Structure formats: C-alpha cells, structure tokens
Amino acid sequence: MDAETTNATDEFGIPIIPGPSDAAQRKRQAIIDAAVTEFLAEGYSAASMDAITSRSGVSKATIYKHFGNKERLFLAVIAGILPQTYAGLEPCNSALAEAPDLREALIRLHTDWARVLLRRDIVSLRRLVIGETERFPQLGRLWYRVTYDMNNGPMTEAVVELNKRGRLDTPDPALAVQQLVASTVGVLQLVHTFAPDSEIDDAELAHVISAGVDLFLARYAVPGGK
C-alpha cells in the first residue's frame, strides 16, 4: 500500500480503504467485527489494538497492512456501520403523502424509527460518535448526512407534498420536520443515550410518539384538510 493510497479520504474525511482480494475478505471481516466490538465497549482512546488482534484472530501486522493504523481503523469501521443504522426502514415520502390517516401514518413511522434507534447497539454507536466528535468531526458530519438522507430529507419532501395537497401548512418544511423528530424520537433517544440500561416501555413509547405527532399536527395541520 503506497503513501497516496494510505492517506486517501472521502468527502467527509473518512479513510478510503481499498477492497480486499477474495482470499483476504474473511480476515478483513474478522478485523472489522473485532474492532467494532472493541471500540463500542472501550471507546477510541481505551481501545487496544492487542485486544482487536486477539478478538479477530488476525495478526497485528495484517491489521496494519489492511487499515494503516488505529485511527484509520476506527474511522473506517465506524463510518462503515453508520449507514446501516436505518437499515430496514421504509422510505416515508410517498407513503405519508398518500396516507388516508396522516396521524396514524406519522405515529407508525416514528414508532418504527424509534424501535431501530433505541436498539442497544445503535445507542452505543450514537454515544461513541458523540464522545469522539471533537476528535473526529468527520464522523459527526457523516452521521448527520446519513440521518438527513435516510429520514429527514424524504420526510421534508413528504411535508412539501402535503402542503401542496392542502393537508399541512408549514412555512418552513425542514424546520417542521426537525420539530416533529425532536418531539417524538428525539425525546426517547435523549433519555436512552444517557441512561443506556433503560428498557423500552411500549406504553411510554406509544405515549411519547402520539403526543409528539399531536403537537405537530396541532400546529401545522390544515383544519378539514384531506
């Protein structure tokens, strides 16, 4: 691996790690799995390359050959799993615009989203990125971009369409979406980020989500809008 390849980064400043050959794929995946486990458990500073070596069953020399150093390994593996945060969530823009019962559709969407974001592994990942954003601001920028592309962006498009159809009246659709997210998923996410051992209570989740949606609709729904 030459110096130019070793130092290559993408638009967020995340290291670009060349893909392995077929023969090296299993070793690469073992390294990634071990690194994710170690970084989530210990954070960046306390994470041990020796522990990652032991967990992966791959030599330290091979780890450095694949990823260069601890910093590049951290950035590459954490950036690699951030887009998976929202895996399984259905696109919301067309579904919301066409929903016969907008309140029910919004509650269902944010309940599904909350159940993903409140998973222990996702909460741990969020806490790790928050804790390391000052050291690695590119991870914070990437998380924001992933969140926007996978949820806030499509939802803003849906709100714009609902404005056109006379069902909502939001002078600033992007801000309205941020307010909706903050009053639903954001309430639960904040609690579970700082109280990681808290269990998800179905009654609490339903209450918070429905209350947040009702707050949003009380402000922006057009009376009698279909």
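**Aromatic rings in the model**

Author: Phe 39 has a relative accessibility of 0%, so this residue counts as buried. That value, like the others here, comes from a predicted model. Tyr 44 is buried too, at a relative accessible area of 11%, which is under the 20% cut-off.

A pair of aromatic rings is described by the distance of the centres and the angle of the planes. The count of aromatic pairs comes to six. In one of them, the ring centres of Phe 39 and Tyr 44 are 6.3 Å apart and the planes meet at 20°, so this pair is stacked; the cut-off for stacking is under 30 degrees.

The rings of Phe 216 and Tyr 220 form a tilted pair, because their centres lie 5.4 Å apart with the planes at 55°. Both residues belong to helix H12, which covers residues 202–220, and they are four residues apart, about one turn of the helix. Phe 216 is buried, with 5% relative accessible area, and Tyr 220 is buried with 7%.

Back at Phe 39 and Tyr 44, ring pairs join these two with Phe 74 and Phe 136 in a cluster. Tyr 44 also has a charged neighbour: the charged end of Lys 70 sits over the Tyr 44 ring, 4.8 Å from its centre.

Notes:
Residues are numbered from 1 along each chain as its sequence is written. This is a predicted model: local features need pLDDT of at least 70, side-chain atom pairs count only at pLDDT 80 or more; totals for chains, interfaces and linings use all residues. Side-chain values use heavy atoms; hydrogens and water are left out. Rings of Phe, Tyr and Trp (its six-membered ring) pair if their centres lie within 6.5 Å; planes under 30 degrees apart count as stacked, over 60 as edge-to-face and the rest as tilted. Buried means under 20% relative accessible area, exposed over 50%, partly exposed in between (1.4 Å probe, protein chains only). Helices (H or I, at least four residues) and strands (E, at least two) are DSSP runs, numbered from the N terminus. A charge sits over a ring if NZ of Lys or CZ of Arg is within 6 Å of the ring centre and within 35 degrees of the ring normal.
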